[in-house]
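Here is a quick walk through a protein model for anyone seeing it for the first time. Have a look at the sequence and the fold, then read on.

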Amino acid sequence: MQYITPKFVVFFSLITVFTLTSSCHQEELMNEVLVYENNFSSPASLSGIENGKLMVFEEDTVLGNYNSEEVNIAVSGLPGHNTVRVVIELLTHDSWDGNNTGVSGPDYWFMEVGGVQILNTTFSNSPCSSSYCLFQSYPDQYGRHNDPKTGALETDLPGLCQYADTPNWTTKYRISKLVSHTGPSLTIKCGDQLLQENAPDPLCDESWSISKIEVSALSVK
Ligand SMILES: [Ca+2]
Ligand SMILES: [Ca+2]
């Protein structure tokens with residue numbers, strides 16, 4: 001399936017059977033329309049984005065970087081639907097501490113869709129051995145203890161600032177969520193509560209950016 005550029009609406013008819021939330025209750029996808037796609041590179045567009053900023057990481061222009069901030073992405077022109085699929089490619093840079101408590105965490109990251117919080121979790125880039133590990137909650141909600149980088153798309157990217165040019169200090173995730181939603185527009189809010197009280201420059205110690213956002217409108221029966 002080939003999509004074109006941001007804000008182009010591409011229709012395709014697809015009848016398939018998929019499971020939304022329950023393993024025993026199958027729902028039928030009647031239609032799926034990509035309504036927003038932005039990789040911040042071609043072209044680099046911050047239209048509709050509140051607190052948007054761009055930087056280049058690994059020769060790719062991305063949305064970021066952020067520490068103790070929120071960014072809002074407004075999407076309009078959604079056709080009739082009852083569900084949206086939001087896909088975010090997230091980069092966690094440098095020394096995220098996961099569920100660790102004290103002066104360095106927990107390091108929370110969250111996402112809201114249409115005013116509803118659908119993810120509130122932590123990420124960790126810490127090295128992990130049998131005697132030392134800073135666990136993260138992702139891909140679950142905050143409170144679970146998973147190994148650092150669990151669910152990642154890429155784990156060997158270099159850090160951005162504190163660990164610039166050092167491999168394994170940026171982790172890339174592809175976060176995909178199905179959310180019940182109706183109406184012609186919605187706002188996606190992404191934000192963090194990062195904590196590093198002993199760092200002179202918290203943004204350099206740990207931060208995040210977004211390399212791609214996709215929003216699709218789905219009709220599910
Ligand atoms: Ca840190
Ligand atoms: Ca921290």
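Setting aside neighbours within four places in sequence, F40 is in contact with S45, I49, L54, T61, V62, L63, I210, S211, K212 and I213. You'll find F40 in the loop between β2 (25–38) and β3 (49–50). Is F40 buried or exposed? With a relative accessible area of 0%, F40 is buried. One more distance for this residue: F40 and V56 sit 16 residues apart in sequence, and their C-alpha atoms are 9.9 Å apart in space.

Keep in mind that this is a predicted model.

Now for the overall picture. The chain has one helix and 13 strands. Reading from the N terminus, the elements go β-β-β-β-β-β-β-β-β-β-β-β-α-β. The chain has 221 residues, and 48% of them count as buried. Its accessible surface comes to about 10,300 Å², with 49% of that belonging to carbon and sulfur atoms. What about contacts along the chain? Taking those between residues at least 6 apart in sequence, 64% join residues at least 24 apart.

On to the strands. Five of them make up an open sheet, in the order β3-β6-β12-β8-β9, with antiparallel pairing. Which strands stand at the edges? They are β3 and β9: each has a single partner strand, so one side of each is left without a neighbour in the sheet. Inside that order, β8 (residues 108–113) and β12 (residues 185–193) run antiparallel and are joined by six bridges. Here W109 stands opposite D192 in β12.

W109 turns up again among the aromatic rings. Ring pairs link Y66, W96, W109, F123, Y138, Y173 and W208 into a cluster. In total, the count comes to nine aromatic pairs. Two of them, both involving Y138, are set out here:

| Pair | Centre to centre | Angle between planes | Kind |
|---|---|---|---|
| F123 and Y138 | 5.0 Å | 35° | tilted |
| Y138 and Y173 | 5.1 Å | 75° | edge-to-face |

Why is the F123 and Y138 pair called tilted? Their planes are at 35°, so the pair is tilted, given that under 30 degrees counts as stacked and over 60 as edge-to-face. F123 and Y138 both lie in the loop between β9 (116–122) and β10 (154–157), 15 residues apart, and the pair links distant parts of the chain. Both residues are buried.

The other pair also links distant parts of the chain: Y138 is in the loop between β9 and β10, while Y173 is in strand β11 (residues 170–180), 35 residues apart. Y138 and Y173 are both buried too.

Finally, there's the metal. Which residues give protein donors to the calcium ion (ligand 2)? They are D97, S104, D107, L195, Q196 and E206, with donors lying 2.3 to 2.7 Å from the ion. Along the sequence, the donor residues are spaced D-x6-S-x2-D-x87-L-Q-x9-E.

L195 is partly exposed, with a relative accessible area of 26%, whereas Q196 counts as buried at 12% relative accessibility. As for D97, it coordinates both this calcium ion and the calcium ion (ligand 1), and the two ions are 3.6 Å apart.

Key
Residues are numbered from 1 along each chain as its sequence is written. Chains are lettered from A and ligands numbered from 1 in the order in which they are written. This is a predicted model: local features need pLDDT of at least 70, side-chain atom pairs count only at pLDDT 80 or more; totals for chains, interfaces and linings use all residues. Side-chain values use heavy atoms; hydrogens and water are left out. Rings of Phe, Tyr and Trp (its six-membered ring) pair if their centres lie within 6.5 Å; planes under 30 degrees apart count as stacked, over 60 as edge-to-face and the rest as tilted. Helices (H or I, at least four residues) and strands (E, at least two) are DSSP runs, numbered from the N terminus. Buried means under 20% relative accessible area, exposed over 50%, partly exposed in between (1.4 Å probe, protein chains only). Donors are N, O and S atoms within 2.8 Å of the metal (3.2 Å for Na, K and Ca); water is not among the atoms, so sites may look incomplete. Contact means heavy atoms within 4.5 Å. Accessible areas come from the Shrake-Rupley method with a 1.4 Å probe; for residues, only the protein chains shown count as cover. Two strands pair if DSSP finds at least two bridges between them.
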